[in-house]
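Please work through each task before reading its solution.

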There are 2 protein chains.
Amino acid sequence: MPSPKSTVAFAELRERLGELDDLTQAASLAGWDEQTMMPAGGAAARGEVLATLGRLAHARLTDPALGALLEQLGAVGDLDETDSRLVAAVARDADRARRVPDRLVADIARHTAAAQVAWHAARAADDFAPFRPALERHLELRHELAACFPEASHPYDALLHAFEPDLTTAHVRTVFAQLRDGLVPLIREIAAADAAAPVPELPGPFPLDAQRVLAREVALAQGFDDEHWRLDVAVHPFAQSLGSTDVRVTSRYDEGSLTSLFGVMHEVGHGLYERQADPALARTTVGTGVSLGIHESQSRLWENLVGRSEPFWAHWHPRALELFGEDALGGRDLAAFLRAVNVVRPSLVRVEADEATYSLHVILRFELEVALMEGTLAVADLPAAWDAKTKELLGLDVPSPSLGVLQDIHWAYGELGYFPTYAIGNIVAAQLWQVIRRDLPDLNADLARGDTAALREWLREHVHRHGRLYTPAELLQRITGGPLDAQPFLDQLRAKYSALYGLR
Amino acid sequence: MPSPKSTVAFAELRERLGELDDLTQAASLAGWDEQTMMPAGGAAARGEVLATLGRLAHARLTDPALGALLEQLGAVGDLDETDSRLVAAVARDADRARRVPDRLVADIARHTAAAQVAWHAARAADDFAPFRPALERHLELRHELAACFPEASHPYDALLHAFEPDLTTAHVRTVFAQLRDGLVPLIREIAAADAAAPVPELPGPFPLDAQRVLAREVALAQGFDDEHWRLDVAVHPFAQSLGSTDVRVTSRYDEGSLTSLFGVMHEVGHGLYERQADPALARTTVGTGVSLGIHESQSRLWENLVGRSEPFWAHWHPRALELFGEDALGGRDLAAFLRAVNVVRPSLVRVEADEATYSLHVILRFELEVALMEGTLAVADLPAAWDAKTKELLGLDVPSPSLGVLQDIHWAYGELGYFPTYAIGNIVAAQLWQVIRRDLPDLNADLARGDTAALREWLREHVHRHGRLYTPAELLQRITGGPLDAQPFLDQLRAKYSALYGLR
């Protein structure tokens, strides 16, 4: 039983967190609206609103009164486990926020706006040069940011922690080395098999209305409902929750491919993480996904481990045939269809990459980012380094910067440390999948009936409901009994492609 | 030239107002989204977000530091006219906000939520009784609110001022008496003419897609553009600006009538007021419509004075014929079409009322609200008083509360003092129109070509650009040389209906 003093202090904490969470939600809504609804002319005013909401939220998180409250609650130690985990999670946020001076936050915000303009100009000219000074300045600012966390053993750690708390550069290096050593030969074997007998692509076309119908039906089967979700169109698809009761996903549709379907499954996977957070964590700032990597594991699990699997399509392939016709799907054969949606072919652009080569795109960016932060790579030499690594990892020549070093907007935002979370998502999804397959022996039969309820419930129980109460490492340890490990991902890929491509 | 001290203080004021305006915009977006986009399940969380944003904005407006700044800037008196008007407008807001204790604001907010539940229950049961205690409590709270402004000569003044600054109950009484004395006989004459030879209604149907096409084309002709506006669907149509660069209007569509077209013109009229505010007033809280009455004058002007006029339809009637066919429009005759869209027939429901009888619905509510506040009418007797007044003013029997005293949600919000602004909008629109017709001799020819540019520019120059720099009375005085006056409205109605109905 907490003391009366702790009870009062915890109630005050909840009130402060409620206000902070409301401000964050208002900002999330403004961000969602900016990308889906806002007329273009509203951009400047929206920028001001977002800056103000961000500043007010930051002030609340760094408020010394909040700090004192957290310290008091942490020191007494008489809260129950959930409440003390909540206090610890918020204390970590507050510590991180307090360590970064307002001046630096403002400098970064200001430069980020300018850097985006430079990046767009560079993209338009298909020339890295206009972006170079902007990225150099970003790098300076990231060094300043890293200096706020002198206890880190590597300056890149501080950047990583913004997206993936507690993961170290050294650990990522180890895991990515394991990943790379497994992926490169696997992809080489697949490429040889594909060269000998190329997998035919789905002929299409896939009329947009039929795609919307299928995407919505699949989303409903995943757990989407009109009471708590929206599905809209966005140029760069994303998911955004406004608390667990209002979850918004977006997609884009292209007549030439079925990408939208996998994209919607991906975003609904993100959305379920938010939707299934424990309602008791509402308005605490803790009832949300714990890190980008764990979040990405949820989207990848649905997109790839469910959405590209045979049991899933055993149920949905007949419906796809109804909606698109057998010509568009290249015949009525499920096995051929599965080969087509699982094709592996190295390509230049990350967002178009397949399940196997995707992580190589991430490793490429991680290695370049670390080299930039370590000073062993100068920004001026980045385009050449990019092209060399693309050749090394993917075996491809980069014809121009817009298909290479300028393809992603992340660096325009200064977001070094973000890319690794994409590959961590793949890795964690596979680690979870291993446990799920053991815990849910009927999963394949369920999926073949279009039933995802048991899977969704497993995810709720083991991952979603906890929000940010456990760190990513703690969560992974609880579920898998171990740390981040690329082996299950590599094993699953090899098993799948051995069957599909007939590898030895 | 302002002193350096005033320059510094004014810059600080602008910074504070920028933050306040941003918070208000975030709340406006959250409100717009709630009515157009939000999944129903998000309602509770949205209520928290809106409450927090409202509380933070209120705290900023009542901040003693803001008060000191306003006092300093007002006392020195060395600002230019625009800046000192801005200071005066914000000082009025701050004074009003400071006069109402936080406790009362919270009580009102809490009771408003409960009263809405009661009102919906009463509506569902078609019985006033479940709503009665909620309205009684609202009335108590409004008396408490009125008591915060002891200098007012009538307790209803304080309620009125929330929507229509500086207008007194006595003044509204005088103007509404003038309005009533002119409207009642006019409507009686029209009813006699209509009984002798009923005006045929438009047969319809009006397919929704064609309505959307026409509504959009008309909106574009009014000044709507996709860079700065949105047009969406809402159950209760409204306009909402997020600064002057992002203006959002809504409509609803019903196959049986052309109401949506006039509704869109109405909302775009509101929107233009916001869109054409001086960009220099952005993020000052002053770059927005000055009062609900003046705002309503802008919507009514477009809906009725433009949208139901012969020159307007001289241009648009051929397009309507193209889109709906002559059967739906009851033939190809423009004169018959104009009679149909200008039909005057007393009816029970305010939101379905025509241009002439509409104001009687408002007078009815105003008289009842004043009697409630004066204590000469008890809430228990309100339904009977409503029915009696409906008989007296509109000559109609009320069959049930949902078509009578329970038809509007405003009282569930406790919004006494709001209704008068609807009739003030009609009156002001007519006063402005008198000046516009003098200033723009070619207006009819313009409208007959579908050209509204000169009208839009007139409104920008004389009304819109000023935002809240002038009080409503000052604005009206500048433009018309006099105060609020119902005579132009009555004269215009009589002239129009004399022609349409062949009155003597």
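**Exercise 1.** Does Asp439(B) count as buried, partly exposed or exposed?

*Solution.* The model is predicted: local features need pLDDT of at least 70, side-chain atom pairs count only at pLDDT 80 or more, and totals for chains, interfaces and linings use all residues. Residues are numbered from 1 along each chain as its sequence is written, chains are lettered from A and ligands numbered from 1 in the order in which they are written, and side-chain values use heavy atoms, with hydrogens and water left out. Buried means under 20% relative accessible area, exposed over 50%, and partly exposed in between (1.4 Å probe, protein chains only). Asp439(B) has 33% relative accessibility and is therefore partly exposed.

**Exercise 2.** Describe the salt bridge of Arg438(B) with Asp439(B).

*Solution.* A salt bridge requires a side-chain nitrogen of Lys or Arg within 4 Å of a carboxyl oxygen of Asp or Glu. For Arg438(B) and Asp439(B), the N to O distance is 3.3 Å. Arg438(B) is exposed, at 59% relative accessible area.

**Exercise 3.** Which two chains does the salt bridge between Arg248(B) and Asp33(A) join?

*Solution.* The closest N and O atoms of Arg248(B) and Asp33(A) are 2.7 Å apart. Helices (H or I, at least four residues) and strands (E, at least two) are DSSP runs, numbered from the N terminus. Arg248(B) belongs to strand 3 (residues 247–251) of chain B and Asp33(A) to helix 1 (residues 4–36) of chain A, so the pair joins these two chains. Both Arg248(B) and Asp33(A) are buried.
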